[in-house]
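Dear colleague,

Please find below the structure that I am handing over to you.

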Amino acid sequence: MDTDTNTVQDAGAAAEKVDDTDSFIKVKSKKTQKRKHEQDAADMDTEDVVARKRPQFPPISGDKLKGPDEMRKIAVPAHRYTPLKENWLKIFTPIVENLQLQVRFNLKTRNVEIKTCKETQDIASLTKAADFVRAFVLGFQVEDALALIRLDELFLESFDVTDVKPLKGDHLSRAIGRIAGKGGKTKFTIENVTKTRIVLAETKVHLLGSFQNIKMARTAICNLILGSPPSKVYGNIRVVASRTAERF
């Protein structure tokens, strides 16, 4: 009898434990629920306030968006006055007709002044025109400089021979001679392989072309300045040019 009563008591205790575990369910406190409701209400209020305070501007016309007229000035050195005078019509025509800009040569300040006007449609055309005139002033042909207006991915770059290696006297003249070659052969070869245009003006070197092509031409010219023989430079240029042609 005692054993039966013990088993009954154990079963009752186990049932009570199960009931207790079932009864222990976490209930969210009313405080947290209140806080959430308050936060949601505050967010809604802030959104309403932002929506109310958000300014509403009327659409702007194209003339007001352009702003005031802008001007660029390009200084012309003395040795480029005559070529500028001879080729003025070739320079004037694309700037005025194609880019719808105003251009003049100021005789007092010796600058080419380019200005926007009401007919100017693209603001970037002012930069193109300034690069075009600057390329001609540096010594490029008008036909080569005109590519700066027609194409977007062309750039100008200039550096000094002495920036690569501090040379003086006969060493400097020999380095410039290595870049030009006999009758300009080396310069023409670098131009044709890298598809760039090169101008040698005393110790200055000016390059016109795309970013990748300018990089190839600059590397070749720097190697010539540092003393590499032209044949080795030709070989390196052709290898690099063939690699870039395979990529594209």
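In this account, contact means that heavy atoms lie within 4.5 Å. Please note also that the model is a predicted one.

Three strands make up an open sheet, arranged in the order 1-3-2 with antiparallel pairing. Five bridges join strand 2 to strand 3 (residues 111-115) in the antiparallel sense. Within this part of the sheet, Arg104 has Glu113 of strand 3 as its bridge partner.

Two helices lie across these strands. Helix 5 (residues 88-98) lies across strand 2 and strand 3 and runs at about 150 degrees to strand 2. Helix 6, in turn, lies across strand 1 and strand 3, and runs at about 5 degrees to strand 1.

Helix 6 comprises 14 residues, 125-138. From its first C-alpha to its last, helix 6 reaches 20 Å, close to the 20 Å expected at 1.5 Å a residue. Which residues of helix 6 are buried? They are Ser125, Leu126, Ala129, Ala130, Phe132, Val133, Ala135, Phe136 and Val137. After helix 6 comes Gly139, which has a positive phi, near 125 degrees.

With kind regards

Key:
Residues are numbered from 1 along each chain as its sequence is written. This is a predicted model: local features need pLDDT of at least 70, side-chain atom pairs count only at pLDDT 80 or more; totals for chains, interfaces and linings use all residues. Side-chain values use heavy atoms; hydrogens and water are left out. Helices (H or I, at least four residues) and strands (E, at least two) are DSSP runs, numbered from the N terminus. The expected span of a helix is 1.5 Å times one less than its number of residues. Buried means under 20% relative accessible area, exposed over 50%, partly exposed in between (1.4 Å probe, protein chains only). Two strands pair if DSSP finds at least two bridges between them. Axes are lines fitted to C-alpha atoms, for helices over the stretch in contact, and angles run from 0 to 180 degrees between N-to-C directions.
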